[in-house]
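This report goes through salt bridges and surface features. The sequence and the structure come next.

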Amino acid sequence: MPARAATPLVMVGDRKQAIYTFRGADPASFELFSADVVRLGGAEERLDTSYRSTPALVRSINSLGEQLFGSQYEPLAARGDVAPAPSGGAMQWLSVASHGGGRLADTMAEAHGLASWVRARCEAGTPPQSF
């Protein structure tokens, strides 16, 4: 049987998706797979520029990433010609206390907290498209 030509394979992954460990993501698996690809002759190319997020949002994401992952965090750069962010912060942290009722209760508390935040902003006259 004649030898088959190698077929190119392109895979996309993002170490930042490690935040999904609560959904079963395994950051160690990503690292091991990436190392195997390189060991077997593949190339790893890092894409570190956000082409659709505003610079203010990228700064906020980088700040959060550094807090969560420390020195292992790989910061993003914002492409310069992205439209400016609307007035106000690019990201806001909403803290909702856990009531100890389990995952469903915590999810419902988070949903109610977010709905209350949105309602308060709308009642204060802030148009929904601005946040």
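Is glutamate 74 buried, partly exposed or exposed? The model is predicted, and in it glutamate 74 has 31% relative accessibility, so this residue counts as partly exposed.

**Salt bridges**

Three salt bridges are present in the structure.

| Aspartate 36 | Arginine 39 | 3.2 Å |

Glu44, Arg46 and Glu74 form a network of salt bridges. Arginine 46 is partly exposed at 44% relative accessibility, and glutamate 44 is partly exposed at 38%.

Aspartate 36 and arginine 39 are both in helix α1, three residues apart, which is about one turn of the helix. Aspartate 36 has 33% relative accessibility and counts as partly exposed, whereas arginine 39, with a relative accessible area of 60%, is exposed.

**Other surface features**

Leu9, Met11 and Phe33 make a nonpolar surface patch of about 350 Å². Methionine 11 belongs to the segment before α1 (27–39).

Alanine 111 is part of helix α3 (residues 103–123). Its relative accessible area is 42%, so alanine 111 is partly exposed. Between alanine 111 and valine 96 the C-alpha to C-alpha distance is 9.4 Å, with the two residues 15 apart in sequence.

Conventions: Residues numbered from 1 in each chain as written. Predicted model: local features only at pLDDT ≥ 70, side-chain atom pairs only at ≥ 80, totals over all residues. Heavy atoms only, no water. Helix = DSSP H or I, 4+ residues; strand = E, 2+ residues; numbered from the N terminus. Buried < 20%, exposed > 50% of the residue type's maximum accessible area, 1.4 Å probe, protein only. Patch = residues over 30% accessible without salt bridge, like charges linked within 9 Å, V, L, I, M, F, W, Y side chains within 5 Å. Areas by Shrake-Rupley, 256 points an atom, 1.4 Å probe, with all protein chains shown as cover. Salt bridge = Lys/Arg side-chain N within 4 Å of Asp/Glu carboxyl O.
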